[in-house]
Amino acid sequence: MLKLNESDITLQQSAENKLDAIRHIAAALTNKGLVAEGYVQGMLNREEQNSTFLGNGIAIPHGTTDTRDLVKQTGVAVYHFPQGVDWGDGNTAYLAIGIAAKSDEHLGILKQLTKVLSADGVEARLKQASSAKEIIALLNGEVQLEAEFDAASIQLQFPASDMVQMSAVAGGLLKNSGCSDASFVADLVTKTPTHLGGGLWLVGSHVGVSRTAVSFVTTANHCEYNNLPVKGLLAFSACNDAHQPILANLTQLVFDKQQSTLLSASAEQVIALLKGEESNAASDASSSGNVAVFKIKNAHGLHARPGAMLVAEAKKFESTIKVSNLNGDGSTVNAKSLMKVIALGVKHGHQLQFTAEGPDAPQALEAIGAAISSGLGES
């Protein structure tokens, strides 16, 4: 995968507008020997077709497919604009990553970027960055902006009979994720958990923690702690404040007396509830037949332009539309989010499964299929 180096980054730049910024970046790509002279026009044409602004202060200007033959070597030129550049539609870019790619080598870096940029706080960090090393650490995910929390850190209906077992399992999940070590588990089982009502408990520790993360365990057995029911335990390994958004969502669930909803939820629903995301409607959609699978024909996969075309098509409809890459890691994302769609790492020939739920679900899937079949703006 294409990786960023400090030599790729030019700090403390300014530009009157995005076209001026793109010209500077194109010149950098040319001077580095990555592209031929005419590549700048392809970058300007590409920006005219669709904005290359990704979100959270990031733009990824690059050339059109018909200027790909001007790329001598795959690489990037990263320009940092601490004062920001107006990228149109009310968007301000603090970092512009100019991409020169001979084929689909850049999809890996785009996937990494979109994963990092989906977190809160990225834009402010980029604006305030003072070194190339700081920017690389941020883009590589070395600066943690949100707590680690996925299906691997959830254990539902474990046959635990006491709180020590619950804490040991919750701690073990976080240890297995690489976010903490054995000392964390040993400390966690000695902690006095907090009862949140309805059999839901909370515990945490900072001992032996390398990354902030969350785990969730429910029990299939009758279990009590201090004569109160134990049905589920939420555990935190904390070395920074990245878990605060999840704690805020948990607080709201408790305030709304939704403990039973969390305790009876599937792993996917637990993640959605605690991250404040919309729960996937795939199962409901499947039962109503609103599911379709389409193969991507684009030679270089879903890079920014065809990805933007796909998202634009999905946004035309009121229905909730989810998509997963059947040739990827199986994660399901909002088809109306460009960052999340690009993060699927879709290459030529990959199959995408769409699920839609809403009043115009059948029409949405038909339109998306037609758009993919037509090449998403590419021949």
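Where in the chain is the place of Thr-67? Thr-67 sits in the loop between strand E3 (58-59) and strand E4 (75-86), strands being DSSP runs of E with at least two residues, numbered from the N terminus. This is a predicted model, in which local features need pLDDT of at least 70 and side-chain atom pairs count only at pLDDT 80 or more, while totals for chains, interfaces and linings use all residues. Residues are numbered from 1 along each chain as its sequence is written, and side-chain values use heavy atoms, with hydrogens and water left out.

**Surroundings of Thr-67**
- Thr-67 counts as buried because its relative accessibility is 10%, where buried means under 20% relative accessible area with a 1.4 Å probe and protein chains only.
- Leaving aside residues up to four places away in sequence, Thr-67 touches Tyr-39 and Gly-42, a contact being heavy atoms within 4.5 Å.

**Confidence**
- The average pLDDT of the chain is 89, and 92% of the residues score at least 70; pLDDT is the predictor's confidence in each residue, from 0 to 100.
- Over residues 279-286 pLDDT stays under 50, and the model has 16 contacts for them beyond four places in sequence.
- Where pLDDT is low, the predicted coordinates should not be read in detail.

**Overall fold**
- The chain has 14 helices and 16 strands, helices being DSSP runs of H or I with at least four residues.
- Of the 379 residues of the chain, 51% count as buried.
- Among contacts in the chain with a separation of 6 or more, 72% come from residues 24 or more positions apart.

Conventions:
Buried < 20%, exposed > 50% of the residue type's maximum accessible area, 1.4 Å probe, protein only.
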